[in-house]
Amino acid sequence: MERESVEIMKEVNKMIASAEELRKSTTGFKTRNSELLILDLAMTDHRLWVNRISFCIKGGEHIDPNTLLDHTMCRLGKWYYSDGKELCGQMHCFGNMEQPHKKLHALGKEIVSVYNSGNSIRAHQMFVELENLSKSIIAALQETKQNLSTHLATGGHCATKAIAH
């Protein structure tokens with residue numbers, strides 16, 4: 001059963017890679033809701049990153065922890081510290097995601113290192129905290145998206161740039 005699960009995850013990862021290539025080729029196009037789209041992309045990227053860590057500690061993929069991006073270099077981080085701050089910096093929910101996001105990236109790197117050193121049990125225990133951080137980040141992103149949507153619907157406008165991951 002575990003072997004089948006790993007094989008399925010490998011196939012899912014191939015499909016995700018294909019979808020990411022397609023997304024990269026269309027990210028630069030502007031639409032009326034580009035400002036909201038970047039939040040959807042950030043949520044998707046975030047979940048994929050967490051799932052990749054999970055897949056690693058289940059033995060499905062070897063990850064060199066040094067290849068994992070820090071919180072400023074992923075799509076969310078790039079947006080957060082540029083257009084996001086300008087666009088949503090006054091929102092409480094926006095500020096609430098910074099520290100959990102920073103901690104999530106550091107913890108993810110640590111989990112992979114612990115797993116790679118042979119301590120699978122500890123890596124799985126640590127992953128529980130990663131999942132909790134992930135949930136708080138997703139909640140903050142959803143609230144930020146809702147607030148931004150309301151802002152835009154009431155006449156606010158922004159010049160958000162598309163960000164390639």
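Me: Quick one to start: how many helices and strands are in the chain?
Reply: The chain has six helices and zero strands. Going along the sequence, the pattern reads α-α-α-α-α-α. Bear in mind that this is a predicted model.

Me: What share of the residues is buried?
Reply: Of the 165 residues in the chain, 40% are buried.

Me: And what about contacts between residues 24 or more positions apart, what share do they account for?
Reply: They make up 77% of the contacts in the chain that have a separation of 6 or more.

Me: OK, on to packing. At what angle do α2 and α3 cross?
Reply: Roughly 150°, and the axes come within 10 Å. Helix α2 covers residues 34–57, and helix α3 covers residues 75–88.

Me: So are those two roughly parallel or roughly antiparallel?
Reply: Roughly antiparallel, because the cut-off for that label is an angle over 145 degrees. The crossing of α2 and α3 is left-handed.

Me: Which residues make the contact?
Reply: From α2 you have Glu35, Ile38, Leu39, Leu41, Ala42 and Asp45, and from α3 there are Arg75, Leu76, Trp79 and Leu87. By class, that contact has seven nonpolar residues, three charged and no polar.

Me: Let's look at arginine 75. Buried or exposed?
Reply: Arginine 75, in helix α3, has 1% relative accessibility and so counts as buried.

Me: What does its side chain pair with?
Reply: The side chain of aspartate 45, through a polar contact of 2.4 Å. Both Asp45 of α2 and Arg75 of α3 are part of the contact between those helices.

Me: What does alanine 42 touch?
Reply: Arg75 and Leu76, if you skip residues up to four places away in sequence. Alanine 42 is in helix α2, and its 2% relative accessibility is why it counts as buried.

Me: How far is alanine 42 from tyrosine 80?
Reply: Their C-alpha atoms are separated by 9.9 Å, and the two residues are 38 residues apart along the chain.

Me: What does the side chain of threonine 144 reach?
Reply: The backbone oxygen of alanine 140, at 2.7 Å. Setting aside residues up to four places away in sequence, threonine 144 touches Leu39, Cys88, Met91, Cys93, Phe94 and Met97.

Me: Now α5 and α6. What angle do they pack at?
Reply: About 165°, with the axes 9 Å apart; helix α5 covers residues 98–116. That makes α5 roughly antiparallel to α6. α5 passes α6 in a left-handed crossing.

Me: Which residues of α5 and α6 meet?
Reply: On the α5 side they include Pro100, His101, Leu104, Leu107, Ile111 and Tyr115, and on the α6 side they include Ser120, Ala123, Met126, Phe127, Leu130 and Ile137. The contact of α5 with α6 divides into 12 nonpolar, five polar and four charged residues.

Me: Last stop is asparagine 116. Which helix is it in?
Reply: Asparagine 116 is in helix α5. Its relative accessibility is 32%, so it counts as partly exposed.

Me: And what is asparagine 116 in contact with?
Reply: His62, Ile63 and Pro65, leaving aside neighbours within four places in sequence. The C-alpha atoms of asparagine 116 and histidine 62 are separated by 8.0 Å, and the pair is 54 residues apart along the chain.

Terms used
Residues are numbered from 1 along each chain as its sequence is written. This is a predicted model: local features need pLDDT of at least 70, side-chain atom pairs count only at pLDDT 80 or more; totals for chains, interfaces and linings use all residues. Side-chain values use heavy atoms; hydrogens and water are left out. Axes are lines fitted to C-alpha atoms, for helices over the stretch in contact, and angles run from 0 to 180 degrees between N-to-C directions. Helices (H or I, at least four residues) and strands (E, at least two) are DSSP runs, numbered from the N terminus. Angles under 35 degrees count as roughly parallel, over 145 as roughly antiparallel, 65 to 115 as roughly perpendicular and the rest as oblique. A crossing is left-handed if the near helix is turned anticlockwise from the far one by less than a right angle, and right-handed if clockwise. Contact means heavy atoms within 4.5 Å. Ala, Val, Leu, Ile, Met, Phe, Trp, Tyr, Cys and Pro count as nonpolar, Asp, Glu, Lys and Arg as charged, and the others, Gly among them, as polar. Buried means under 20% relative accessible area, exposed over 50%, partly exposed in between (1.4 Å probe, protein chains only). A polar contact is a pair of N or O atoms within 3.5 Å; within protein, one must be able to donate a hydrogen and the other to accept it, and residues adjacent in sequence count only if both atoms are side-chain atoms.
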